[in-house]
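Good morning, colleagues. Please have the sequence and the structure open while I speak.

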Amino acid sequence: MNNYWLMAIGINQYQYLQPLGYAQADAQALWNFLVGKAGFMPDRCLLLTDTSPFIDGEPTYPTRENIQLWLDWLSQEALKQGDHLWVFFSGYGLKSQGQDFLMPIDGNPENITATAIPMRSIYESLKRSKASTNLVLLDMNRTGITEASGAVGAQTVELARDLEIPTVLSCQPNQISHEASDLQHGLFTAALLEGLRTENANMSLATLKRYLSERLPELSEHHWRPRQEPVVVVHPPGKSHQVILPQQGILVASGYYENGERNHASTNEVGIGATAAGVGVAAQQNLSNTGDVPSFNNPFDGNLDDIEPRGESALNTPPVTPAPVTPTNGHAAASTNVPSHLDDEEDEDDEAEFWQNILLWGGGLALLVLLLMSLFGGRNRLFPIGQQANRNPATVAPAKDGTAKPAAKPKTPQQINQERLQQARVALRSNQVSQYGKAIAIASQIEKGQPLYDEAQESIERWSSVILDTARGRAQQGNYSGAVSAARLVPKDPQPIYAEAQKSIRQWEPIVKQQQANQAVLKTAKGMIRPEQASTYNKAIVALGKIPAGQPGHREAQKLISQWSQTILNLAVNRAAGGNLQAGIATASLVPSNTPAYPKAKQSIAKWKKLQAQANQ
């Protein structure tokens, strides 16, 4: 079986750029869908976000170094002949000297070439891999930074075409990619997830292009955002008919968002002979765990819905791979400045695929009618006419004398514990570390010797590992207070994980205390400042000097020292320029000797003293 891989990157809290609202949620939602609904194996799906856990001790925090290391590992070691790779990015993109760059979480717009990731290096890495197909999904044109750096995407389109790597951009290079708070996603990801769910096993590159071209402008208009149109690059055009999702073990359900923007008929599709409950297990058992594949920590558990669908159909039909079609003249692609590169051949495939889908859905509808007739016909034979309304064997209709009907049968321990585990998994949908603690508390109610105890303990151990990985990730980011709070959620059992958590807490708590002490120093220093009073800036600088190098808060302290020393010098220059040379000299003397403004202050003092001497002659 060919392997499907995913590398999903979503970044909210940039170190040098304005934070984004839902980039991390975008990556997580696509991970959820492809693993939970589309048959991707979690062991082959990599998630890099602000809070994603470690994988076999390796960090997934989306820095430039980490992203490049994981991409190199995928392209050089993990991917084999016949494999398929999806690369998804939601974050900032920049343009410098005509080149497109993806911005990692530590990317600095003032030094793009040294801190960002060139799109050319990404595409060349993918081209060198052994994967049979690649699909790149980019949501990188963001408000604010795009205008400053120039239109992003034009070079990416050319790279995708020249290297023949199918690529989807969230908007045209001269447009901005938007987010919507009521969707809790970027518009592009919302449309992408909706399309994947709706088109299910028949989703080809041509179908994806057609769906996004229609739906993305609709969403931008509905949410009062400037028009957003995708760019889909497929070259040569013959690739456009390729189906992009696995054809076995697919569990895709259509639906619509809670605000009712989109409503589609719901359909689950699974392979012949498969069941919704067994697909993931069967696929996991079929996975060949070779030595070059790491054991990815699953950042989610239980129900992996990305955006809640409303209802699911009882009809299961086998997936169908679209057959090659005879070209006919299709519809025109929606674009403004950059062509979609799906030429006439792709449009012809679109039209043929449309009629194929009509035939498919017509046959499915007929099968559904036959299934329902059989279902209800069988029930009529089991229940005599007049008793159809009371089919629950645990209840009996009220007697004519008015006596109450018997109560429902009590739930078995198996049913009770099944409900507990389901409640625990539901708690994990928000992916908050506190929810993992809540899930553990629920699962811990299943006592030793009860049904599903072993399953509960396995889940508790897995969730405890996720909590500890999250705590370590926070510590790596410098958030030691958050790391301690997370580590304290690890329960006493399993003991090895608890021991690791306690050891980490003992290491982090002194750092937290130092952080708190230095934050108090910073706060006190800021409170000393009185505008136009140079002496207050001097006292504040002296106070900040108590935070030594290497301690939390030192970087912020040095930044403030640089700003405030320059402020003192500016006050001195203004006073000297106003004719009061003596005041200028006195003020400049307040600039501390170990600050960036000191050399200039020293020169100014010498100059003003010379002017004073000349004036006194």
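Two strands are said to pair if DSSP finds at least two bridges between them. Helices (H or I, at least four residues) and strands (E, at least two) are DSSP runs, numbered from the N terminus. This is a predicted model, in which local features need pLDDT of at least 70 and side-chain atom pairs count only at pLDDT 80 or more, while totals for chains, interfaces and linings use all residues. Residues are numbered from 1 along each chain as its sequence is written, and side-chain values use heavy atoms, with hydrogens and water left out.

I begin with the sheet. Its six strands form an open arrangement with mixed pairing, in the order E2-E1-E3-E7-E8-E11. At the edges are strand E2 (45-49) and strand E11 (231-233), each of which pairs on one side only. From one strand to the next, the twist averages 10°. Helix H2 (residues 64-78) packs on this sheet and touches strand E1 (4-10), E2 and E3; contact here means heavy atoms within 4.5 Å. The direction of H2 makes about 170° with that of E1, where axes are lines fitted to C-alpha atoms, for helices over the stretch in contact, and angles run from 0 to 180 degrees between N-to-C directions.

Within the sheet, strand E3 (residues 84-90) and strand E7 (residues 133-139) pair in the parallel sense over seven bridges. Which residue in E7 is the bridge partner of Ser90? That partner is Asp139.

Buried means under 20% relative accessible area, exposed over 50%, and partly exposed in between (1.4 Å probe, protein chains only). After H6 comes Glu164, with a positive phi near 60°.

In helix H18 (residues 581-588), Leu581, Gly584, Ile585, Thr587 and Ala588 are buried. Viewed down the axis of H18, these buried residues fall within an arc of 165°, so they line one face of the helix; the arc is that of the directions from the helix axis to the C-beta atoms. Their cover includes helix H16 (534-544), H17 and helix H19 (598-616).

Finally, Ser565 lies in helix H17 (residues 554-577). Is Ser565 buried or exposed? Ser565 counts as buried because its relative accessibility is 0%. Beyond its neighbours within four places in sequence, Ser565 is in contact with Ile541, Val591, Thr595, Pro596 and Ala597.
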